[in-house]
Amino acid sequence: MSSDKPADAAPPTEAPKQRFAPKLLIVAGASATLLLAVAGGAAVWLWPKQDHAVETKSARLAARRAAAAASAAAAAQPAMAAPVAAVVSAASAAGAAGSEPPVAAALAAPADAAPPEQPPTPAVVAEAPLDRLQRRLGEVLGPRGAVDPARAGELRVLARSSSVAPVRHTDTLSPISRPPEAGSLAAPAAAPVRRGPWSYSGFTGPQAWGKLKPEYSLCAKGQRQSPIDIREGIGLDLESVRFEYQPSSFAVIDTGHTVQVNVAPGNAIEVNGRRWTLQQFHFHRPSEERIDGRQFEMDVHLVHRDAEGRMAVVAVLLERGAAQPLLQTVWNHLPLEKNEENAARVQIDPIQLLPTDRRYYTYMGSLTTPPCSEGVLWLVMQQPVPVSAQQIDIFSRLYPMNARPIQQAAGRMIKQSN
Ligand SMILES: [Zn+2]
């Protein structure tokens, strides 16, 4: 059903003219209330699409009454027995109502309405009452007042107020990659990047994450959360991680929670017989991981995803020392504005972020940011990589503290390369 069609795109109706005769409506009911009721009933037939349903309890009631009235009218007038006839009469009723939007008809469309027995004629698709209502709402209230298709079944009218920030929980989206570790796993590609309501301190800090949204509940209740203090790992001859990194285009984004580098496709790791592609990497200060209780100046998380959406994060601890060339290239491309990608015209090779010694710790954990999804394979490099004090200071000016507190290891198996 093409309810998006503009009014001027509608071809002339092929329905018999007598179906437009107002007298049919008089038969159906003499009062204006009944006209609206018929319109409402018609909307039930015409626009059962849930995306556009704007529903209230009383509107559902009105819809049922309207449907009953329309049926009664149809029964009383054999020429109008088909739903289409009622639809057409409703359209003329709506037209007769003049410039007033058929609010009652729009509100009367229940989400569980039965689909029409036959497709509606093009004439009545000119502009659906629901579309018109939605358009009017959009004009009056701005885009946030319009009906969000994802929230069908709710009537949301928000006042224009700068104090009410749009709530979105996606950190990081880019044309290059859909980095999930620092944000939502299921973010739509076209959604704007906005800062989420969670933070690293105060009322929206880590202790509150699990209560901020139902989908964040794992942050509070999860039993396999990250980061952890890595100690008493079982030393084994672990298969080495195969890094297939190469010089790549990249873009830097300040997500409001970290500095993140979205990396062009073409980088991957192989471990445990599985292949994971690099999505993005980002930084924390101080390090989220601890080794035998020791915390480092910073860390970098290289976030990978396999074909089934499972995640593997390579963590590299950063300690004070010599300057790190790749880090400098990234800092050189810091964007001036938050949530705006700054695409670089040079390339980086992520392999430069890794220590020369590739032995690692590994355990199963979670994202360290909401929604704290579990089932994440962690590969924590044992050898830290040096970065200069100046490089640390640059990050500190943006994010002096963006590390989640240590979570309980809770008896989880930790392995480490001998
Ligand atoms: Zn991270």
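You'll find Glu232 in the loop that runs between strand E1 (229-230) and strand E2 (234-236). Its backbone is worth a look too: phi is positive, about 55°, although Glu232 is not a glycine. Most residues other than glycine have a negative phi. Keep in mind throughout that this is a predicted model.

Ala410 sits in the loop between H10 and strand E16 (415-417), and it is exposed, with 10 other C-beta atoms within 10 Å.

Now zoom out for a moment. The protein has 418 residues, and 41% of them count as buried. Its secondary structure comes to 10 helices and 16 strands. If you take the contacts with a separation of 6 or more, 71% of them are between residues 24 or more positions apart.

The largest nonpolar core has 52 residues, and Leu302, Val313, Val314, Val316, Leu318, Leu379 and Val380 have the most contacts inside it. Strand E11 (residues 311-320) gives this core its largest share, eight residues. Pick out Val316 and leave aside residues up to four places away in sequence: it touches Asp299, Val300, Leu353, Leu354, Pro355, Met381 and Val385.

Helix H9 (residues 325-332) shows how a helix can have two sides. Leu326, Leu327 and Val330 are its buried residues. Looking down the axis of H9, you see these buried residues fall within an arc of 100°, so they line one face of the helix. Pro325 and Asn332, on the other side of H9, are exposed. And what covers the buried residues? The cover includes strand E4 (248-254), E5, strand E12 (342-348), strand E15 (385-387) and helix H10 (389-398).

Asn267 is in the loop between strand E5 (259-263) and strand E6 (268-271). Setting aside residues up to four places away in sequence, Asn267 touches Glu244, Tyr245, Gln246, Ser248, Thr277, Leu278 and Pro350. Take Tyr245 from that list: it is 22 residues from Asn267 along the chain, yet their C-alpha atoms are separated by 4.6 Å.

Last stop, the peptide bonds. Most peptide bonds are trans. Arg285 and Pro286, however, are joined by a cis peptide bond, with omega about -10°. Pro286 belongs to the loop between strand E7 (274-284) and strand E8 (290-291). Another cis peptide bond joins Pro370 and Pro371, and there omega is about 15°. For Pro371, look in the loop between strand E13 (360-366) and strand E14 (374-381).

Key. Residues numbered from 1 in each chain as written. Predicted model: local features only at pLDDT ≥ 70, side-chain atom pairs only at ≥ 80, totals over all residues. Helix = DSSP H or I, 4+ residues; strand = E, 2+ residues; numbered from the N terminus. Buried ≥ 20, exposed ≤ 12 C-beta atoms within 10 Å, placed from the backbone. Contact = placed C-beta atoms within 7 Å. Arc of directions from axis to C-beta. Core = buried A, V, L, I, M, F, W, Y, C linked by C-beta atoms within 7 Å.
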